[in-house]
Every structure is written in C-alpha cells, then in structure tokens.
Amino acid sequence: MAIDATIVKRFGELEAQIKSLRIQRSQSGFDFYIPNQWQQWATSAHHMLRVAFGETSPHYQNFSKVYEKCTGWDNEVHALRGIFLAAKADYEGGYAFKVEA
C-alpha cells in the first residue's frame, strides 16, 4: 500500500475511533471523556498530523496547543476533533502541499 493510501486509511480509522469514544458525566454535571480512550486517540491523531503535514503546519500546531492543555472535558476533546477533521478533509481533498513563491 502506498504511503498516501496508508495515511488516508489511518485518518479514516481515527475518525471512526473518535466517534466511538464514550462521554461520562462528572458529579458536578460536566461531561468528560474517559482518559485512556481520548488520550489514545489524541496521541495517534497528533502523530498522524505530524506525519501528514509536518510540525510547522497550522494543523499540527493548533492540535498541539489544544492537546497540551486538554484534560478530557468534552469541549476540549471536541476542539481536538475539529482540528483533526479539518486536517483530514484537507489531506483527502489534495490540499496537503507546500507552495513557496
């Protein structure tokens, strides 16, 4: 399998994985994701963004900033998911290239 096809396949797997993560409600009434589940997904997603786009890309940098502060609250994990899905769409749409003037 070519590298590009492998990356597309992994993006799809990670999208399915984030959709399957379960949310729990804290005693104070706030929703959060189970730590080992969201951290496993986020680690793999972070790695894929580095592989697909590089460490200087906005996708990787934005994900890194949110990931660094993420503690598993639903809004934090949803922000990571949004960045990941934007990256996935850009990669699959053929927009993962670097243009220099």
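Q: How many residues has the largest nonpolar core, and which have the most contacts inside it?
A: The largest nonpolar core has 23 residues, and those with the most contacts inside it are F11, W38, W41 and F63. A nonpolar core here is a set of buried Ala, Val, Leu, Ile, Met, Phe, Trp, Tyr and Cys residues joined through side-chain atoms within 4.5 Å. Buried means under 20% relative accessible area, exposed over 50%, and partly exposed in between, with a 1.4 Å probe and protein chains only.

Q: Which elements give two or more residues to this core?
A: They are α1 (3–20), α2 (35–53), α3 (58–69) and α4. The largest share, eight residues, comes from α2. Helices (H or I, at least four residues) and strands (E, at least two) are DSSP runs numbered from the N terminus.

Q: Before we go on, what should I know about the source?
A: This is a predicted model, in which local features need pLDDT of at least 70 and side-chain atom pairs count only at pLDDT 80 or more, while totals for chains, interfaces and linings use all residues. Residues are numbered from 1 along each chain as its sequence is written, and side-chain values use heavy atoms, with hydrogens and water left out.

Q: What is F63 in contact with, leaving aside neighbours within four places in sequence?
A: F63 is in contact with W41, A42, A45, H46, L49, L80, I83 and F84, where contact means heavy atoms within 4.5 Å.

Q: Now the aromatics: how many pairs are there?
A: The count comes to nine aromatic pairs. Rings of Phe, Tyr and Trp (its six-membered ring) pair if their centres lie within 6.5 Å; planes under 30 degrees apart count as stacked, over 60 as edge-to-face and the rest as tilted. One of them joins F11 and Y91, with centres 5.7 Å apart and planes at 45 degrees, so the pair is tilted.

Q: Where do F11 and Y91 lie?
A: F11 lies in helix α1 and Y91 in helix α4, so the pair ties together parts that are 80 residues apart in sequence. F11 is buried, with a relative accessible area of 0%, and Y91 is buried at 13%.

Q: And E76, where is that?
A: E76 is found in helix α4 (residues 74–92). The side chain of E76 reaches the backbone nitrogen of G72 at 3.1 Å.

Methods: Polar contact = N/O pair within 3.5 Å; in protein donor to acceptor, adjacent residues only side chain to side chain.
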